[in-house]
Amino acid sequence: MTNRFEVVHPSEAECADSVICRRLTHPLLLPDNLIDLCSKCGEAIQHRPDGPKTPPKICDQCAGPIMEAEAAKGELVTMVTPKTAVELVEWFRKKTAN
Ligand SMILES: [Zn+2]
């Protein structure tokens with residue numbers, strides 16, 4: 001198996017092991033982000049309102065070691081939905097424009 005990055009239909013994203021979320025920031029990274037708690041450490045996190053509902057949401061700091069271990073085994077599968085991919089591109093454009 002090899003590490004993969006996939007753009008998937010939102011229904012496929014519901015089958016993910018977890019949704020990686022950024023920890024809470026002030027202001028929020030996107031103004032309509034929702035606030036929740038990391039299911040692993042309990043820290044406040046933020047996530048998109050239309051993100052997958054089924055997988056547990058974990059913060060980026062909890063996800064880091066898990067992702068590194070999976071990547072080392074060649075088993076890391078990173079998925080984003082088409083809408084998230086567009087939002088990420090827009091966010092990076094704004095961030096690099098300043
Ligand atoms: Zn966490």
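Two strands are said to pair if DSSP finds at least two bridges between them. Helices (H or I, at least four residues) and strands (E, at least two) are themselves DSSP runs, numbered from the N terminus. With these terms, strand β2 (residues 19-23) and strand β4 (residues 44-47) form an antiparallel pair over 2 bridges.

The structure described here is a predicted model, in which local features need pLDDT of at least 70 and side-chain atom pairs count only at pLDDT 80 or more, while totals for chains, interfaces and linings use all residues. Residues are numbered from 1 along each chain as its sequence is written.

**Overall form**

The protein chain contains 3 helices and 6 strands. Read from the N terminus, its elements follow the order β-α-β-β-β-β-α-β-α. The radius of gyration, which is taken over C-alpha atoms, is 14 Å for the protein chain; this is close to the 13 Å given for 98 residues by the globule rule (2.2 Å times the number of residues to the power 0.38), so the chain is as compact as a globular protein of that length. Along the principal axes, the C-alpha atoms of the protein chain fill a box of roughly 40 × 30 × 25 Å.

A residue is buried if 20 or more other C-beta atoms lie within 10 Å of its own, exposed if 12 or fewer, and partly exposed in between, with C-beta atoms placed from the backbone. By this criterion, 11% of the 98 residues of the protein chain count as buried. Two residues are in contact if their C-beta atoms, placed from the backbone, lie within 7 Å. Among the contacts in the protein chain with a separation of 6 or more, 55% are made by residues 24 or more positions apart.

**The sheet**

Strands of a sheet pair through backbone hydrogen bonds, either parallel or antiparallel. In this model, an open sheet of 4 strands has the order β3-β4-β2-β5, and its pairing is mixed. Its edge strands are β3 (34-37) and β5 (57-59), each of which pairs on one side only. On average, neighbouring strands of this sheet are turned by 50 degrees against each other, direction ignored; the axes are lines fitted to C-alpha atoms, for helices over the stretch in contact, and angles run from 0 to 180 degrees between N-to-C directions.

Strand β2 also runs parallel to β5, to which 3 bridges join it. The table lists residues that stand opposite each other.

| Residue | Partner |
|---|---|
| Ile-20 | Ile-58 in β5 |

**Loops**

Pro-27 belongs to the loop between β2 and β3. The peptide bond that leads from His-26 to Pro-27 is cis, with omega near 0 degrees.

Thr-54 lies in the loop between β4 and β5. Thr-54 counts as exposed because it has 9 C-beta neighbours inside 10 Å. From Thr-54 to Leu-28 the C-alpha distance is 23 Å, and the two are 26 residues apart in sequence.

**Helix α2**

Helix α2 (residues 60-72) includes Met-67. With 16 other C-beta atoms within 10 Å, Met-67 is partly exposed. The C-alpha atoms of Met-67 and Pro-49 are separated by 24 Å, the two residues being 18 apart along the chain.

The expected span of a helix is 1.5 Å times one less than its number of residues. The 13 residues of α2 should therefore span 18 Å, and this agrees with its end C-alpha atoms, which are 18 Å apart. Gly-74, which follows α2, has a positive phi near 75 degrees.
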